[in-house]
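Colleague: Could you take me through one part of this model in some detail, and then show how the rest is arranged around that part? I would like the cut-offs spelled out as you go.

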Amino acid sequence: MSHAPDEMMTVAAARALADGMTCFVGIGLPSEAANLARATHAPGLVLIYESGTIGAKPGALPLSIGDGILAETADAVVSVPEIFNYWLQPGRIDVGFLGAAQLDRFGNINTTVIGPDYADPRVRLPGAGGAPEIAAACREVIVVIRQSRRAFVERADFVTSIGFGDGPGTRERLGLPGAGPRRVITDLGILEPDPDTCELTLTGIYPGVSVPDVRAATGWNLRVDPDLTEVAAPSDAELAALRALRATKPSGDQARPATTAPATTAPATPNRGAKP
Amino acid sequence: MAQITSLAEAIAAAIHDGDTVAMEGFTHLIPHAAGHEVIRQGRRDLTLVRMTPDIIYDQLIGAGCAGKLVFSWAGNPGVGSLHRFRDAVENAWPGPLELEEHSHAGMANRYLAGASGLPFAVLRGYRGTSLPANTTGVAEIVCPFTGETLTAVAALRPDVAVIHAQRADTAGNVQFWGITGVQKEAVLAASRSVVTVEEIVDVLEPTPGAVVLPSWAVSYVAAVPGGAHPSYALGYSARDNDFYVAWDAISRDRDRFEAWLADNVFGAGQPAVPGGVIR
């Protein structure tokens with residue numbers, strides 16, 4: 001079965017989640033990948049959404065982090081202060097699964113503004129949401145993001161959620177409990193922080209993608225791990241599960257970052273939900 | 001005791017020009033009908049507080065009701081940008097919008113402090129980010145017991161909180177369940193509150209996971225069935241995801257947005273406004 005680069009990215013991201021892990025799930029690409037993991041190799045993956053739904057088991061892909069199906073299938077539904085204070089803050093959660101509009105060489109995430117002046121931004125993005133504390137407190141963080149020169153920058157215009165800050169020692173100095181971004185999964189390959197410099201380094205590449213392709217889509221002088229490995233293409237079973245999952249999501253493109261124009265194919269007439 | 005009244009009378013009594021207003025509901029139970037009523041009544045220069053401004057504040061901002069926004073995530077969940085919010089921030093249309101920007105954990109704790117009668121809350125948050133240098137209400141604080149540096153966030157004390165709930169009883173006790181978000185804290189942090197409900201019943205039946213706000217902790221209750229649409233009320237309606245997707249195109253264009261408001265907020269069949277519609 002042939003596949004699109006986006007499908008490879010979602011499959012690679014899903015593979016990063018092990019069965020039985022607890023995962024704090026961000027909106028968009030991370031949610032799709034986390035649900036794919038649960039539908040394939042990790043049926044015991046515990047999905048936690050910032051809406052307070054712990055152990056959600058949606059059969060269809062939710063559009064938001066607060067769709068009814070998340071509450072109806074959760075092991076527990078708690079208030080928003082509780083999800084952040086009791087569950088996220090003490091470091092109980094294995095992995096934070098985040099998206100980003102802009103990512104820099106030290107894994108710092110920007111989802112706030114594009115442009116050097118916060119007060120007069122070139123593009124206004126949605127802002128922080130739960131991400132700053134997810135990035136600080138989860139045992140590790142995985143970022144899922146499409147790779148381009150515009151998104152992969154030397155220095156983030158605004159640090160919404162910290163990765164490794166200025167480099168080695170920053171997280172320790174700030175007293176951040178989690179290990180930070182251990183993997184960045186893109187539509188071209190997989191980047192991991194260098195153990196000494198914390199700089200994001202290409203460690204995995206997808207079939208049919210070349211190192212110059214990845215360098216051309218990176219806004220800094222990307223280092224390549226000497227042991228660069230080729231990531232296995234999606235299996236037929238993975239692709240079938242992903243496509244079945246995508247068929248359940250509402251129309252519209254939930255995967256596109258806010259900096260680009262989302263295509264919409266929605267009907268113009270709202271469809272009022274009826275009382276069951 | 002809560003006063004059971006019409007939505008129009010509740011909004012007219014509770015919300016005045018220049019007020020700080022928190023309309024809460026985390027994806028679920030968003031008080032959209034109340035937001036429309038505020039637009040119809042022509043309230044101006046509001047400080048709007050909400051974790052996820054969402055479509056409800058996109059509409060209020062585009063309609064010119066807001067002077068300031070206090071928030072933590074301003075997007076259309078799963079769809080993309082809030083275009084009226086972006087137009088206000090990037091182009092000052094229909095007027096400039098002052099921002100006070102936080103994280104979700106920070107906003108939740110700010111409500112918690114307000115509800116608890118404390119001036120601030122403490123959390124592990126914001127450290128290493130650009131947020132503290134660009135917003136107000138965040139400061140470092142040293143733990144008096146361990147010496148550890150933590151983050152303090154200023155309490156939120158809105159003039160008015162507005163929420164939507166599944167049910168109230170005839171005495172004005174309010175009950176809601178499913179994703180309960182930060183609504184309890186918002187109502188208890190605010191000086192006044194307006195609660196719209198799907199239905200008013202004689203007796204509230206116990207429901208798993210439900211939050212109950214006693215009548216004496218609430219100012220106004222109004223029955224507005226479907227008042228959360230396009231958000232939803234678990235047990236009564238489903239989230240209208242198609243509307244969230246359709247909002248992207250409606251809100252992208254100023255003229256199309258104003259036509260939508262004219263048809264859907266000011267149009268025929270809308271409830272009468274005490275004192276008349278102000279445009």
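Modeller: Happy to; let me begin with a strand of chain B. B:Ile4 stands opposite B:Val221 in strand 15 of chain B, where strands are DSSP runs of E of at least two residues, helices are runs of H or I of at least four, and both are numbered from the N terminus. This is a predicted model, in which local features need pLDDT of at least 70 and side-chain atom pairs count only at pLDDT 80 or more, while totals for chains, interfaces and linings use all residues. Residues are numbered from 1 along each chain as its sequence is written, chains are lettered from A and ligands numbered from 1 in the order in which they are written, and side-chain values use heavy atoms, leaving out hydrogens and water.

Strand 15 covers residues 220-223 and pairs with strand 1 (residues 3-4) of chain B in the parallel sense over 2 bridges; to count as paired, two strands need at least two DSSP bridges between them. Strand 13 (residues 192-201) of chain B also runs parallel to strand 15, joined to it by 4 bridges. There, B:Val197 stands opposite B:Ala223.

Elsewhere in chain B, strand 2 (residues 20-23) and strand 3 run parallel and are joined by 3 bridges, with B:Ala22 opposite B:Val49. Strand 3 (residues 46-49) is covered on both faces: B:Leu46 and B:Leu48 are buried on one side, B:Thr47 and B:Val49 on the other. Buried here means under 20% relative accessible area, exposed over 50%, and partly exposed in between, with a 1.4 Å probe and protein chains only.

Now to the domains. Chain B is assigned domain 1 (3-102 + 157-260) and domain 2 (104-154), with bounds from an automatic or database domain assignment. Their C-alpha centres lie 25 Å apart. In contact terms (heavy atoms within 4.5 Å), 21 residues of domain 1 meet 16 residues of domain 2. The area buried between these domains is about 1400 Å², with 64% from carbon and sulfur atoms; buried area is the accessible area (1.4 Å probe) that two parts lose on being put together, summed over both. On the domain 1 side, B:Met51, B:His102 and B:Arg157 lose the most area to domain 2, together 40% of what that side buries.

The largest nonpolar core has 163 residues, and A:Leu17 and B:Phe85 touch the most other members. Because both domains of chain B give residues to this core, it lies between them. A nonpolar core is a set of buried Ala, Val, Leu, Ile, Met, Phe, Trp, Tyr and Cys residues joined through side-chain atoms within 4.5 Å. Beyond four places in sequence, the contacts of A:Leu17 include A:Cys23, A:His41, A:Phe97 and A:Ile142.

Between the chains, 62 residues of chain B are in contact with 59 residues of chain A. The two chains bury about 4800 Å² between them, 60% of it on carbon and sulfur atoms. In chain B, B:Arg127, B:Ile179 and B:Val245 lose the most area to chain A, together 11% of what that side buries.

One more residue for you: A:Thr160, in the loop between strand 11 (152-153) and helix 6 (170-174) of chain A. A:Thr160 is buried, with a relative accessible area of 0%. Leaving aside neighbours within four places in sequence, its contacts include A:Thr111, A:Pro132, B:Thr129 and B:Leu131.
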